[in-house]
Amino acid sequence: MNTASPDLITFGESMALFMPAEHRALERASTLEQGFGGAESNVAIGAARLGVSVGWFGKLGNDPFGHMIVKTLRGEGVDVSRAKLSSEAQTGLMFRETVAGRLAVHYYRKHSAASRMTPDDLDEDYIRGSKLLHVTGITAALSDSSRQTVIRAMEIARDAGVPVSFDPNLRLKLWSIEEARKTLLSMAELADYFMPGWDELQLLYETEDWEIVVRRLNALNAISVVKSKGDRTVVLQNGQMDEVPFYPADNVVDTVGAGDGFCAGFLAGIVKGMTPVEAVRLASVTGSLAVQMRGDWEALPTWEVAAGRLGGQAWVER
């Protein structure tokens, strides 16, 4: 087993993904495209493509889907040495379709291997040896043991002086807003980088008053990166507020994974030594490119492409 820790570590649920070609409904599709997705594994792939050493771990079923996910992540340059394949539970599945012009996702994840993670599954030295730990609220929502696991990982990192990034990734199909609010706000207290969307903050703080939200965020120890506040991202640190406009997307094909692409760019920027505002500019580029191809992570750019967009280089077609 590899003993060295990557600079960036993340973990959580990854599921096999099936979707009809183009925009057919599932009940009228004769064939399905196979892939996979998961907030944390999407981020891991995005950061790896940007030239950051990154590791992802989690529990998957010892089944064809689990093997596919591990092999693909490894092929993308992600360290999966701490990932586990379980013979006691299966890999979760999700099916996506477009119904009446709107995206619909159907999950088959109950009692999946990922939901059975426990704090005993954590390699504490692996976390302590990293430079940045990234977690999401999705892992916390899967089960009580998963929630304990993600909070324990945050505590291990903080005790070791490893900064923690937290994206609440609020999913109300997994838990009630009351349960989510209690857990996610307590997790925000443990974060060094808090990365909510403006829509999530309104639900978590029970207000649409921006000034009240800013006061709540400034009371945290974290640098807060508020996504989708209008057409910009707001960075709050040490009482200072900076706004970074969105980088425009040339052709929006599939919006799933945009937030994960943003997170990948931001975390890669931080690992590379950028300031939070500089990292958000990179994140805006990676997020905009992530939506220009079908799939959760397939369109995430390499460092060469992202740096070219940041520098305003023209695209040479031939």
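Colleague: Which side chain makes a polar contact with the side chain of Thr136?

Modeller: That of Glu40, at 2.5 Å. Keep in mind that this is a predicted model. A polar contact here is a pair of N or O atoms within 3.5 Å.

Colleague: What does the side chain of Thr136 reach at 3.2 Å?

Modeller: The backbone nitrogen of Ile138. Thr136 itself sits in strand β9, residues 132-136.

Colleague: Is Thr136 buried or exposed?

Modeller: Buried means under 20% relative accessible area. Thr136 has 1% relative accessibility, so it counts as buried.

Colleague: Which residues is Thr136 in contact with, leaving aside neighbours within four places in sequence?

Modeller: Ala39, Glu40, Val150, Phe166, Asp167, Asn169 and Met187. Glu40 is the polar partner again. Two others lead to our next topic. Val150 belongs to α5, and Met187 belongs to α6.

Colleague: How are two packed helices described?

Modeller: By the angle between their axes and the distance between the axes.

Colleague: What are the angle and the axis distance for α5 and α6?

Modeller: Helix α5 covers residues 144-159 and helix α6 covers residues 177-188. They pack at about 15°, with axes 11 Å apart. Angles under 35 degrees count as roughly parallel. α5 and α6 are therefore roughly parallel to each other. The crossing of α5 past α6 is left-handed.

Colleague: Which residues meet where α5 packs on α6?

Modeller: From α5, Arg147, Val150, Ile151 and Met154. From α6, Glu179, Thr183 and Met187. The contact residues divide into 4 nonpolar, 1 polar and 2 charged.

Colleague: Now α10 and α11. What is the angle there, and how far apart are the axes?

Modeller: About 115°, with the axes 10 Å apart. Helix α10 spans residues 276-290, and helix α11 spans residues 303-310. The roughly perpendicular class runs from 65 to 115 degrees. So α10 is roughly perpendicular to α11. Their crossing is right-handed.

Colleague: Which residues of α10 and α11 meet?

Modeller: α10 supplies Arg281, Leu282, Val285, Thr286 and Leu289. α11 supplies Trp303, Val305, Ala306, Arg309 and Leu310. By class, the contact has 7 nonpolar, 1 polar and 2 charged residues.

Colleague: Which residues does Gln237 touch, not counting those up to four places away in sequence?

Modeller: Ile223, Asp242, Pro276 and Val277. Gln237 itself is in strand β13, residues 232-237.

Colleague: How far is Gln237 from Ser186, in sequence and in space?

Modeller: They are 51 residues apart in sequence. C-alpha to C-alpha, the distance in space is 19 Å.

Colleague: Next, backbone torsions. What is phi of Glu206?

Modeller: Near 55°, a positive value in a residue other than glycine. Glu206 lies in the loop between α7 (198-205) and α8 (210-218).

Colleague: Is Glu206 buried or exposed?

Modeller: The cut-off for exposed is over 50% relative accessible area. Glu206 has 60%, so it is exposed.

Colleague: What is phi of Ser228, and where does Ser228 sit?

Modeller: Phi of Ser228 is positive, about 60°, although Ser228 is not a glycine. Ser228 is placed in strand β12, residues 223-229.

Technical notes
Residues are numbered from 1 along each chain as its sequence is written. This is a predicted model: local features need pLDDT of at least 70, side-chain atom pairs count only at pLDDT 80 or more; totals for chains, interfaces and linings use all residues. Side-chain values use heavy atoms; hydrogens and water are left out. Axes are lines fitted to C-alpha atoms, for helices over the stretch in contact, and angles run from 0 to 180 degrees between N-to-C directions. Helices (H or I, at least four residues) and strands (E, at least two) are DSSP runs, numbered from the N terminus. Angles under 35 degrees count as roughly parallel, over 145 as roughly antiparallel, 65 to 115 as roughly perpendicular and the rest as oblique. A crossing is left-handed if the near helix is turned anticlockwise from the far one by less than a right angle, and right-handed if clockwise. Contact means heavy atoms within 4.5 Å. Ala, Val, Leu, Ile, Met, Phe, Trp, Tyr, Cys and Pro count as nonpolar, Asp, Glu, Lys and Arg as charged, and the others, Gly among them, as polar. Buried means under 20% relative accessible area, exposed over 50%, partly exposed in between (1.4 Å probe, protein chains only). A polar contact is a pair of N or O atoms within 3.5 Å; within protein, one must be able to donate a hydrogen and the other to accept it, and residues adjacent in sequence count only if both atoms are side-chain atoms.
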